[in-house]
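Here is a briefing on one protein model. Please keep the sequence and the 3D view open while you read.

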Amino acid sequence: MKKEELHIYIRVSGDKSAKKDNSPPAQEETGLRIGNTYNLIPIIQREGDENTGTSATADNLDNRPVFKGLLEGCEKGVVKHIFCTEWDRLARNEKIGAYIKGIFKKYGILFYDSHNIYDIKNNPTHELMLGISNVLSMHEIRLKNERVVRTLEQSAKKGKWSGGVMLPYGFRRQSIKIFDGDEIIKIESGPLEFHPDEVLIIIKIFKMSLEGIGTATIAKNLNEEGVPTRGRKSLVNGLKLKDRLTGEVRHVNQEDIIWRPNTILSILKNPIYKGHRRYKGLILPVTPMIEVSLWEAVQKNLKNNSILAGRNNKVHFYMLKGFIRCEKCGKGMYGIIKPKRSMRVYSCVSKRHKECNMRSINIDRLNEVVWTNFKESNILLVKAINELGTGIDEKKIKELEHYVKTYYNQISSIKDQQNTLLTLATKRIFSDEQLTQKNNEFIEEIGNLEGKIQSAINELKFLQSKKDLQFPNIKVFEDLNSDLDSKTDIEKRELLKNYIHQIRIGFDEKANTHIVKVIFNLELKLAPWIYEIPKKGLGWHPIGIEKEDGGIWELGPDTKNASLQQSHI
């Protein structure tokens, strides 16, 4: 008879305080012993890598591809035995634990820990034992988190910094030397103290602000004097910044980390410099770096400046915010509206720091170009043709069916936990209040899952119905275009987000003309559209369509006044 496999799940922890007997080698050794005891072939499944420092601390299954693959193997019938030293290395929150138990129960998976074997499908006692183990594990994790929080709070009250790697500018950690006789055996981090060089910069920033000098000018002054920021000192490999609107991540080199107006403003508003450190809702005393009267005077100035700044009195809506990038430097472009100066433009963010000389472009003209051509190009029809022409997304259908099945498994597991809860109630392990609260949480979870099931089923119905659609039925998508004129700017923006990836703005100095390139989402299979918008005058016209080789397919003279029609790459 062929031996079955025992999948030994080893989870590398990012917790430096983890027990030595839970180190990866210890987990592997125990798993091999269990495999030998039950005559199973050991298969090592390692999550994370202690050599590279990659841990699997996050409990989300999407962040644990190895274990997610094991669960998929359970569903396919190729995985029947799973070992892990402790249940809380499989799941560190109740929702994930309930989901895993549901999979194990449904497919008859045998689970092994360091001391026991659990067959929760066929043995109710095993299920109860694992349920209690799960509850105790969650309880221990909560207690541990509370201890960590208390420790951090006590450290903060003693003046130590536990708010992240980057300390506030002007401060550093004291180095406390531990001696054994005349020999230094250890150097520990102590409370915060002033950084002798940076404290002078902080005083200068506050005094310049009090004199009425703006944050942009202060930042420029410090950059010209070669004063390094805290990040420039600490981040030798630079840093990565993610655009909140586009999601794009860009790398900033160490030498490019400079003072910015917002950095100056955050310093000016931080009460730590007047001796009040904020920590998790607490106000902790520290040695003040500047006089309280100076700090208060600066706050009053900042408030008055905010009131007097006309552009802060009104929040303006920008339809293409987040889409636009400067072709010259690659950075984003933001909207500026100043009614008193009749200014309505999108401008490159680098212009504020004089790092880019890209000409600003009129908001209304760019909005008109993008929306008019989007509306008249039948792009919605193109999307529909692409979807129907290339067949139904069978992968998406299978994915939705998997989600529905998974949600039903989770509901089944939650109901099992409710039954376990009733069993525990008879033994008076929990108070009535705890039982009621827990049961309400179960009911809420089931309601949420049922909502997800209904949503997935509705999408499945739509995808299934597309199989019956014929090309003439595309008219339903054409009808969508006829309703575009009635949409508000907010509705237009939400619609554009589904189709446009990016709008790049360049400028032809000789022709005194903006060059606009509209780049679509990849799934549309549309080549970028390119337009000209003269700096002076009211007109605009399309140049053509970008080819795969970077060249441009130019439009003929008869199409110069027409909007671009759909074009496949």
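Is Glu-198 buried or exposed? Glu-198 is buried, at a relative accessible area of 1%. Here buried means under 20% relative accessible area, exposed over 50%, and partly exposed in between, with a 1.4 Å probe and protein chains only.

This is a predicted model, in which local features need pLDDT of at least 70, side-chain atom pairs count only at pLDDT 80 or more, and totals for chains, interfaces and linings use all residues. Residues are numbered from 1 along each chain as its sequence is written, and side-chain values use heavy atoms, with hydrogens and water left out.

**Confidence**

- The protein chain has a mean pLDDT of 76, where pLDDT is the predictor's confidence in each residue, from 0 to 100.
- A pLDDT of 70 or more is reached by 71% of the residues.
- Confidence is highest in strand β3 (residues 81-83), at a mean of 95, and lowest in helix α14 (residues 475-482), at 47.
- For residues 52-56 the pLDDT is below 50, and the model gives this stretch nine contacts beyond near neighbours in sequence.
- Contact means heavy atoms within 4.5 Å.
- Residues 556-569 also stay under 50 in pLDDT. The model has 35 contacts for them beyond four places in sequence.

**Overall make-up**

- The protein chain holds 15 helices and 20 strands.
- These elements are DSSP runs, numbered from the N terminus: helices are H or I with at least four residues, strands are E with at least two.
- Of the 569 residues in the protein chain, 39% are buried.
- Among contacts with a separation of 6 or more, 60% come from residues 24 or more positions apart.
- The accessible surface of the protein chain is about 33100 Å², and carbon and sulfur atoms account for 51% of this surface.
- Accessible areas come from the Shrake-Rupley method with a 1.4 Å probe; for residues, only the protein chains shown count as cover.

**Salt bridges**

- The count comes to twelve salt bridges. The rule asks for a side-chain nitrogen of Lys or Arg within 4 Å of a carboxyl oxygen of Asp or Glu.
- One of them joins Lys-233 to Glu-198, with the closest N and O atoms 2.8 Å apart.
- Lys-233 sits in helix α7 (residues 230-234) and Glu-198 in helix α5 (residues 198-210), so this pair ties together parts 35 residues apart in sequence.
- Lys-233 is partly exposed, at 36% relative accessibility, whereas Glu-198 is buried.
- Glu-198 and Lys-233 also belong to a salt-bridge network with Arg-230.
- Glu-509 pairs with Arg-359 in another salt bridge, with closest N and O atoms 3.5 Å apart.
- This pair links distant parts of the chain, 150 residues apart. Glu-509 is in the loop between β16 (500-508) and β17 (513-520), and Arg-359 is in the loop between β14 (343-348) and β15 (361-362).
- Glu-509 is partly exposed at 48% relative accessibility, and Arg-359 is partly exposed at 32%.
- Glu-494 and Lys-497 form a further salt bridge, with closest N and O atoms 3.4 Å apart.
- Glu-494 is partly exposed at 42%, and Lys-497 is partly exposed at 41%.

**Helix packing**

- Two packed helices are described by the angle between their axes and the distance between the axes.
- Axes are lines fitted to C-alpha atoms, for helices over the stretch in contact, and angles run from 0 to 180 degrees between N-to-C directions.
- The axes of α6 (residues 215-224) and α8 (residues 261-269) come within 8 Å and cross at roughly 105°.
- Helices α6 and α8 are therefore roughly perpendicular. Angles of 65 to 115 degrees count as roughly perpendicular, under 35 as roughly parallel, over 145 as roughly antiparallel and the rest as oblique.
- On the α6 side, Thr-215, Ala-216, Ile-218, Ala-219 and Leu-222 meet Pro-261, Ile-264, Leu-265 and Leu-268 in α8.
- Helix α5 packs on α8 at about 95°, with the axes 10 Å apart. This pair, too, is roughly perpendicular.
- Here Ile-202, Ile-205, Phe-206 and Ser-209 in α5 meet Ile-264, Ile-267 and Leu-268 in α8.

**Two single residues**

- Ser-209, in helix α5, is buried at 5% relative accessibility.
- Beyond four places in sequence, Ser-209 is in contact with Ile-218, Leu-268, Val-298, Asn-301 and Leu-302.
- Glu-29 belongs to helix α1 (residues 24-37) and is exposed, at 61% relative accessible area.
- Glu-29 and Ile-8 lie 21 residues apart in sequence, and their C-alpha atoms are 9.9 Å apart in space.
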